[in-house]
Amino acid sequence: MTDDTRIWGKADVSSGKGASDENFPVGSLLLSRKLRPHVHAYYDYARVIDDIADCETLSAEDKIIRLDAMEDVLRGQRSAINRADALSAARLRATLLQTGVPFETATDLLIAFRDDSRGHEYRTWDDLLHYCKYSANPVGRFLICLHGEDPAAFGPSDALCTSLQILNHLQDCAKDLERLKRCYIPSDLMQLAGTQANDLLDGRTSPAMRRVFNTLLDGVDSLNQQARALPAHIRDRRFRMECAAIVDLALSLTQRLRREDPLAGRVALRRTDAIHAAIAALRAWA
């Protein structure tokens, strides 16, 4: 077996997901046409490393080897082979060198996905926030740096990205546990409420698990309140509109998860939510 085959495997591990599968806009038409290719390069890289961490056929060791190889390509310490996964890291390296966006916005993601690969346990709310610091917050920081915005935007951006990540965990909590044997719901909250992770597979939310979800959503409400300040920190008008729309979508999804049962079926945004977000974006034009 060649060294490349040992590191990268015989085939890629793509999930087949794309930007259209995400809850929130990725490189939307609101963003500058000049910057969109850089956003797509970042998304493609993030999609690859997420797929590696979520692959059901790779061992934890093989996942870490591939993630380490992605970082080596990103840092220019390994040549990219002619495969989509390796090439995504090479393209993002070119973007970061061209734009001057810090490499940490890409390498920090690997910290979270290595934790995912190892099957890290989240015992407390603070554990979950620490995971989101690396799995989600770098995305917002990448966009802020790419647009040359003031670092003062980092705080509300981090709050928004963390909110979006936790909302996604709540949407997918049953699927994550069943398919990936992974649970992001803090175990201390479940213990306090008198429930446990396996109850996420019941097909409906028990009163005890609803208390856990509501506690998490209380935390998300606080994050959303901080995130409301984000558009005011953004000078670029198109980017400000995008931020306002995403903040509004986060508020809508939070409300839906309060009212609907994520264990009975995936709670998703609706057309009316998109309309409200568009109105929020237009209001941010001024």
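These are my notebook entries on one predicted model.

**Entry 1: the fold**

I began with the secondary structure. I found 14 helices and zero strands in the chain. Next I looked up the overall dimensions. The C-alpha trace spans about 55 × 50 × 30 Å along its principal axes. I then checked the radius of gyration, which is 19 Å. A compact globule with 286 residues would have a value near 19 Å, so the chain agrees with that.

I also looked at burial and contacts. Of the 286 residues, 52% count as buried. I took the contacts between residues at least 6 apart in sequence, and 69% of them join residues at least 24 apart.

**Entry 2: the cores**

Nonpolar side chains tend to be buried together in soluble globular proteins. The largest one has 74 residues. Which residues have the most contacts inside it? They are Tyr45, Ile185 and Leu200.

I followed up Tyr45. Leaving out residues up to four places away in sequence, Tyr45 touches Met70, Leu74, Ser88, Ala89, Leu92, Ala106, Thr107, Leu109 and Leu110. I also noted a second, separate core of seven residues. Met241, Ala245, Ala281 and Ala284 are among them.

**Entry 3: helix α11**

I picked out α11, residues 207-227. This helix has 21 residues and reaches 29 Å from its first C-alpha to its last. That is close to the 30 Å expected at 1.5 Å a residue.

I listed its buried residues, including Met209, Phe213, Leu216, Val220 and Leu223. Arg210 and Asn224 are also on the buried list. What do the buried residues of α11 pack against? I found α6, α8, α9, α10, α12 and α13.

**Entry 4: the rings**

I searched the whole structure for aromatic pairs and found four. One of them is Tyr131 with Tyr184, a tilted pair. Their centres are 5.2 Å apart, with 40 degrees between the planes. Tyr131 lies in helix α6, and Tyr184 in the loop between α9 and α10. The pair therefore ties together parts that are 53 residues apart in sequence.

**Entry 5: charges over rings**

Last, I looked for charges over rings. Arg141 lies over the face of Phe154, 4.4 Å from the ring centre. The charged end of Arg237 sits over the ring of Trp285, at 4.3 Å from its centre.

Technical notes
Residues are numbered from 1 along each chain as its sequence is written. This is a predicted model: local features need pLDDT of at least 70, side-chain atom pairs count only at pLDDT 80 or more; totals for chains, interfaces and linings use all residues. Side-chain values use heavy atoms; hydrogens and water are left out. Rings of Phe, Tyr and Trp (its six-membered ring) pair if their centres lie within 6.5 Å; planes under 30 degrees apart count as stacked, over 60 as edge-to-face and the rest as tilted. Helices (H or I, at least four residues) and strands (E, at least two) are DSSP runs, numbered from the N terminus. A charge sits over a ring if NZ of Lys or CZ of Arg is within 6 Å of the ring centre and within 35 degrees of the ring normal. The expected span of a helix is 1.5 Å times one less than its number of residues. Buried means under 20% relative accessible area, exposed over 50%, partly exposed in between (1.4 Å probe, protein chains only). Contact means heavy atoms within 4.5 Å. A nonpolar core is a set of buried Ala, Val, Leu, Ile, Met, Phe, Trp, Tyr and Cys residues joined through side-chain atoms within 4.5 Å. The radius of gyration is taken over C-alpha atoms; the globule rule is 2.2 Å times the number of residues to the power 0.38.
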